[in-house]
Amino acid sequence: MKLDSDESSSRLTISPLKRSDSALYTCTAVNTYGQDDTNIQLIIQEPPDAPREVAAAEVSSRQARLTWDPPFSGNSLISHYLVSFRQNAPEAPPRNVHVFPTGPDSLRVNWEGPLASQTNGPLAGYYVGYRPANSSEPLQYKSVEAPWAELRGLEPFTLYSVVVQAFNGAGAGPRADPVTAVTLEGGLSRHIDNKVKVAIKEKKICLQQCCVDAEVEVPGTAQEATLNDLSHYTNYSLAVAAFTAQGDGVYSDPVYCPTPEDGGATFQYCNVLTEMTQPTVPSPPADVRALPMLPDAILVSWLPPLYPNGIVLNYFLYQRTNHQSPKKHLLSGSQQFYEALRLARGQRYDFWVTAATSVGEGEPTRVLSQTTADIGETPGCLSIHCRLFEWSPIRNVTAYTCTDGRSQPVKDNVLPNGTLDLGPYDPQSHTGNYTCRVQNVHGSDEIAYFLTSH
């Protein structure tokens, strides 16, 4: 307080004001004639104090009753009270968190929420965080309302760490302890390449040869394979696929690898390691036939060996009669028929054929017996064989006959085994050029025969 006075007045200054400065102040004036005074009541008004002894008298799941003692009013009449409240975040983490795999790229997470006394109000949902175990990457979060979650888009056969925390309107509570689980192995949906995931246990190598499939299994850590017991001079189609307990992946694009004609040591070919066996002679020529063509002649025909195991350089045709020592005829590797001429009429003859490569002479065909026909006799039925050797499915097989320069399809006479059935032999109508044509998505090929009558 500060009091300033002069001959005519006095001034009392109170600064700063305090609650205790509220009081009755008396101002007294004195002179030679006497004295007089006056009273001044000073009341300092201020905001009221906080209520005292605040307590929650009754608390239920949906309401609470509060009580308190009136505070210092601040020297004013209290007009009303303001009651405010706020919610706290959950005090405890979710309970009983369980994680189990549902697929190569998914995990299922189940849990129970915190106790009701620890949620601090209704829960708004849960945060589920996950990442590969032992990874320094930040957690990826997914928010859900129900006490479960399905995590998708994960890596196959990978260990993941999962955490869960509850949240309400005030924020998120503490996390539950991490729980780990491994996603299932995956059947790959992509082509196999140089990068094979640790989830891959095995690989399959598909070997295709003349419409026959074979599979070779190798460990998943392998990046090469040795294929044994392959045929010589044979074109193979090879492809690789990875597989796990969940199934096979997609095969790679095939590579086409012909094996060499001769055998020998292991060699690297078409990026496929292939081990050859010992040199092998060709298999017997296919579909050997013998038909009388003249009263003293027999026509013998055949097809190349199914497994030539090399380039066929020559054919050997063997001919005998009455169990005598056979005659051996040397023929070119491009020739697939032989006309046995100047034979005895009405005599039975035996024929068989072998193929030869640089390795040597192969196995013989079965022995065919045929008798020369009497004068005027002709075969009762004639057929031309049109055999198919293709890997891809044949889309179209058609035989054509060319008589007098005109080509006519005879498709209806092609039997299921590829044989062209000409029916009863007629020298007039059957003489001509015959072409067997095959076609698939990769292209077409054909072979021509010339049929003549004697």
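## A two-residue hairpin

Strand 3 and strand 4 make a hairpin, with two residues sitting between them. This is a predicted model, so read everything here as coming from computed coordinates. Strand 3 covers residues 23-31 and strand 4 covers residues 34-42, and they run antiparallel to one another, paired over nine bridges.

## The protein as a whole

Zooming out, the secondary structure comes to one helix and 35 strands. The protein has 454 residues, and 33% of them count as buried. Its accessible surface is about 28400 Å², with carbon and sulfur atoms owning 50% of that.

As for how the chain contacts itself, take the contacts between residues at least 6 apart in sequence: 56% of these join residues at least 24 apart.

Now for a charged residue in a buried spot. Glu150 belongs to strand 11, which spans residues 148-151. What does this side chain do about its charge? Glu150 is buried but has no salt bridge. Arg152 is the nearest side chain of opposite charge, and it lies 4.1 Å away. A salt bridge needs the nitrogen and the carboxyl oxygen to be within 4 Å, so at 4.1 Å Arg152 does not qualify as a partner for Glu150.

What Glu150 does have is a polar contact, side chain to side chain, with Thr102 at 2.8 Å. Thr102 also turns up among the residues that Glu150 touches, along with Ser106, Leu107, Arg108 and Lys142; that list leaves out residues up to four places away in sequence.

## Salt bridges

How many salt bridges does a search of the whole structure find? The count is seven. One of them joins the side chains of Lys18 and Asp21, with an N to O distance of 4.0 Å.

Another salt bridge pairs Glu112 with Arg95 at 3.5 Å, N to O. Glu112 is in strand 8 (residues 106-112) and Arg95 is in strand 7 (residues 95-103), so this pair ties together parts of the chain that are 17 residues apart in sequence. Both ends are partly exposed, Glu112 at 36% relative accessibility and Arg95 at 33%.

Elsewhere, salt bridges with shared partners link Arg19, Glu46 and Asp49 into one network.

Key. Residues numbered from 1 in each chain as written. Predicted model: local features only at pLDDT ≥ 70, side-chain atom pairs only at ≥ 80, totals over all residues. Heavy atoms only, no water. Helix = DSSP H or I, 4+ residues; strand = E, 2+ residues; numbered from the N terminus. Buried < 20%, exposed > 50% of the residue type's maximum accessible area, 1.4 Å probe, protein only. Lys, Arg positive; Asp, Glu negative; His and termini not counted. Polar contact = N/O pair within 3.5 Å; in protein donor to acceptor, adjacent residues only side chain to side chain. Contact = heavy atoms within 4.5 Å. Pairing = 2+ DSSP bridges. Areas by Shrake-Rupley, 256 points an atom, 1.4 Å probe, with all protein chains shown as cover.
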